[in-house]
Structures are given as C-alpha cells and as structure tokens.
Amino acid sequence: MDSKGRLSNDEFLSQVRELFKTQHESGTVFLQQKRLTEFDPVENKHNPRPHDLTDISNSDNKTYPLLFRASNGATDKSKKIKYSTVVEADKLESFWKKYSDLVKGGVTGLKKKDKKKTKGKKKKASGKGV
C-alpha cells in the first residue's frame, strides 16, 4: 500500500475477488476506471480535463496512468469497503486481461431482465376450411 492508501495491482485484484465473494448473495460492487491526472502545485489545480482543452491538435502524446477503484457502496462509513490501485500504461494490457476475467467471473449472479409481454397478442386465425 502506498502513501495514498492505494494497493499494488495484484493486491487490488485479490481484494476485488474477495469483495465479489462477500457481496455475492445480496450486495453491490461499484467499479470505476479513469485516467489519473496529478495535482500541479504551480497552478494549484489538476491538469485540464479533455473538454477544457481548446486546441487538442497540439497536445503531446503523453501517456497517463489509470486509476481503478472498487467499493461495496455501503452508506454506513463503518461498513464501507474501498480499494484502489494505479496502473501504469505499459502494464495496462496484462492488468486489463486479469481484471476483465475477474469481473466476468464476479457477475455470474446477474439475472436477465424479464421481457414485457406485448399488449396486442395476435389471435389465431379461425378461418373455416373448405
């Protein structure tokens, strides 16, 4: 765990696996992924967001790390569980493979929505045969 309370990538995956197991019967797991922009102490603000840029054609090809978060969504702070990790761009492909497999395995309990029955059911044609 680093100074900001973030786990290593492997620790994060194992904790999310446990979170899926504990929340399996009745519970919620919230997952978030976003680009990590560091705080700029000179300008006293975060780096600009993409919609704040006026001319993106001159943007540099800088790669940014990604922030992954997982939470159980509990409203009571004593029961809330939160995990986060930062994935560097060069490690993203291998992490994403493990992460997507974990998420696919964790959502096995989802139920399909019941389709609404159509209002106008077609009646069988009761024509008299010749």
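Start at Asn 72, which sits in the loop between strand 4 and strand 5; helices (H or I, at least four residues) and strands (E, at least two) are DSSP runs numbered from the N terminus. Before going further, note that this is a predicted model, in which local features need pLDDT of at least 70, side-chain atom pairs count only at pLDDT 80 or more, and totals for chains, interfaces and linings use all residues. Residues are numbered from 1 along each chain as its sequence is written, and side-chain values use heavy atoms, with hydrogens and water left out.

Is Asn 72 buried or exposed? Its relative accessibility is 9%, so Asn 72 counts as buried (buried is under 20% relative accessible area, exposed over 50%, partly exposed in between, with a 1.4 Å probe and protein chains only). The side chain of Asn 72 makes polar contacts (pairs of N or O atoms within 3.5 Å; within protein, one must be able to donate a hydrogen and the other to accept it, and residues adjacent in sequence count only if both atoms are side-chain atoms). One reaches the backbone oxygen of Lys 79 at 3.0 Å, and in another a polar side-chain atom lies 3.0 Å from the backbone nitrogen of Ile 81. Leaving aside residues up to four places away in sequence, the residues that Asn 72 touches include Leu 19, Thr 28 and Phe 30 (contact means heavy atoms within 4.5 Å).

An open sheet of 3 strands runs in the order 1-4-5 with antiparallel pairing, where two strands pair if DSSP finds at least two bridges between them. Strand 1 and strand 5 stand at the edges with a single partner strand each, so one side of each has no neighbour in the sheet. Strand 4 and strand 5 pair over 6 bridges in the antiparallel sense, and Ala 70 stands opposite Tyr 83 in strand 5.

Helix 2 packs on this sheet, touching strand 1, strand 4 and strand 5, and its direction makes about 20° with that of strand 4 (axes are lines fitted to C-alpha atoms, for helices over the stretch in contact, and angles run from 0 to 180 degrees between N-to-C directions). Helix 1 lies across strand 1, strand 4 and strand 5, at about 145° to strand 5.

Finally, within helix 2, Phe 95, Tyr 99, Ser 100, Leu 102 and Gly 106 are buried. The face turned away from the buried side of helix 2 carries the exposed residues Glu 93, Lys 97 and Lys 104.
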